[in-house]
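The entries follow the order in which I consulted the structure.

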Amino acid sequence: MRINRPKVNIFILVDVLLAVAPCIAGQDTPALKDVFEDHFLIGGALNRWLVSGRNPGAVAIAQKHFNTATAENEMKWQSLNSWPNQYNWQAADSFVDFCGKNKMAPIGHCLVWHSQVPRWLFRDDSGNAITRDALLARMKDHITTVVGRYKGRVKGWDVVNEALNENGTLRNSQWLQIIGEGSEDKKYDFIENAFRWAHEVDPNTELYYNDYSLESSKAKTDGAVAIVKHLKSKGLRIDAVGIQLHGSLTHPSPEGLEYAITSLADAGVKVMVTELDIRTRTRGYRGADIGRINRRSTSDQNATTPEIQKKLADKYAEIFSVLVKHKEYITRVTFWGVYDGASWIGGSPLLFDRSYQPKEAFFAVVKTAQESQ
Ligand code: XIL
C-alpha cells in the first residue's frame, strides 16, 4: 500500500524560514517612530559612545526607532566650553552629523542650567562672584556662539533647564542670585534674556523650557506656567515646555501628568516629554537632581524579575495612554537613553534590555498607540 506523504513546497518553506529568522533576532518588532507617526516624534538621548559607532547594538535601536535625538551630555556648557574662550565642538558636531545621516531631528540640550557648568563661569580671576552685567555678557556670548554654530541644523533648544523648585518658586541658583540681584523685579531676567538672545540668533529654531517633576508637582507646573506667561507678556517666543518625566513604578499618577499637560497647553505652548525613564526602585528621592542621583541610589537588584518588568510595562502603558489621549498638544517623546545598558540611573528603566531586546514594556507602549486608533 502506498502512503501519501504531505507534499512540502520548497518555496513556501523558504518563505516561512525567512519570516521566522528576523523574529528570532527580535527584529520583527514594529518601529516606534512608525507606530507613533500620527501622534508625536519619538527619540532618545544619545551618548558619544553610541554616536561614534562603538555600540552597534544601540545604534541599530536608535536607527530603527527614533526620528529625533537629544545629546545626553555633549552640548552642555561644561562639555562645550570648559575653559574661558575655548570651545571644543568635536562631540557635539559628531552628534549633529549622526542625526543628519540617520534622519533624526537633533535637539540641543541645554543652554542655561545650574549643573554641568564650568567653575569659572560665575567667578572673576580673583575667585569672587562676577557682577550681573558680566554674567549676562557671558551668557549672551555663549548663546550666540552655540546657537549660531548649529543655526538651521538643530530642531530646538532647551534654552533654560531646571530653574524651578518643587514648590514652584525659582531655584536659588547662581543665575538667579547674580542676575536677579535678590530683586522681585529682576527674578526672571536670566530666563528672559536667554530666550531673547536664542531667538535673535536663530529665529527658526524652537525654544523650550525644560524641567523635572512637573508631572508630579502641581505647584511646579504652575511655576512653569508662570515662566511661560512672563515670557509671552514680554513679547518673547517660547514654543514648548519639556516635562522630563523621570518616573518610577509609583509616580506620576495619570492625573498629575494630565494636569501638567493641560495646564501648559492652556498657557499656549506645546508640551514634550523629554527625558523619559522609569526607575523600578520606589523608595528614596523621587526627583532628578543630578547632584542627588547616582546609579547606587536608583538601581534595584530585582529590576529584571518578571514581576517588576510586568509592573514597569503597566506604568509605561499608563503614561503612554495619557500621552496618546493628549496627542494634539504633544510634539515629542524622548527616552533618556536607548537601552538599559546605557541608562544614567542603572537598573532596568527603558524599553530595551541589556541584550538590546525589546521588553514587555516595549509591547505595552506599542499597544497604547494601536488602541488609540
Ligand atoms: C544626565 C546624564 O544622563 C548623565 O550622563 C550625566 O552624568 C548627568 O546628567 N536632567 C537633565 C539631564 O536635564 O541633562 C541629565 O542628564 C539628567 C537629569
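This is a predicted model: local features need pLDDT of at least 70, side-chain atom pairs count only at pLDDT 80 or more; totals for chains, interfaces and linings use all residues.

The entries below concern the ligand, its pocket and the cavities.

**Entry 1: surroundings of the ligand.** I asked which residues lie closest to the ligand. The ligand is surrounded by 15 residues, and E72, K76, H109, E275 and W336 are the closest. I then sorted this shell by class and found 5 nonpolar, 6 polar and 4 charged residues.

Entry 2: I looked up the distances between polar side-chain atoms and the ligand. For E72, a polar side-chain atom is 2.5 Å from a ligand oxygen atom. For N73, an N or O atom of the side chain lies 2.9 Å from an oxygen atom of the ligand. I next asked how much of the ligand the protein buries. The ligand taken alone exposes 420 Å², of which the protein buries 85%.

Entry 3: Where does the ligand sit? I found the ligand in the largest pocket. I recorded a volume of about 240 Å³ for this pocket. Its lining comprises 18 residues, and those nearest the pocket centre are E72, N73, K76, W336 and W344. By class, I noted 6 nonpolar, 7 polar and 5 charged residues in the lining of the largest pocket.

**Entry 4: the largest cavity.** I asked how many cavities of 30 Å³ or more the structure holds. There are 4 of them. The largest cavity contains about 60 Å³ of space. I listed its lining as A45, L46, N47, L50, N55, A58, E72, G337, V338, Y339 and A342. This lining divides into 7 nonpolar, 3 polar and 1 charged. I marked E72 here again, as it lines the largest cavity and also has a polar side-chain atom 2.5 Å from an oxygen atom of the ligand.

**Entry 5: the second largest cavity.** I recorded a volume of about 50 Å³ for the second largest cavity. Its lining is formed by V112, W113, H114, V160, N161, E162, A163, R171, S173, W175 and F190. I counted these residues by class as 6 nonpolar, 3 polar and 2 charged.

Note on methods: Residues are numbered from 1 along each chain as its sequence is written. Side-chain values use heavy atoms; hydrogens and water are left out. A residue is near a molecule or strand if one of its heavy atoms lies within 4 Å of it. A polar contact is a pair of N or O atoms within 3.5 Å; within protein, one must be able to donate a hydrogen and the other to accept it, and residues adjacent in sequence count only if both atoms are side-chain atoms. Accessible areas come from the Shrake-Rupley method with a 1.4 Å probe; for residues, only the protein chains shown count as cover. On a 1 Å grid over the protein atoms alone, a cavity is a set of points where a 1.4 Å probe fits but cannot get out, and a pocket is an open set with protein on both sides within 12 Å along at least five of seven lines; lining residues have an atom within 4 Å of a point. A molecule sits in a cavity or pocket if more than half of its atoms lie within 2 Å of its grid points. Ala, Val, Leu, Ile, Met, Phe, Trp, Tyr, Cys and Pro count as nonpolar, Asp, Glu, Lys and Arg as charged, and the others, Gly among them, as polar. Grid points are joined across faces, edges and corners, and a volume is the space filled by probe spheres set on the points.
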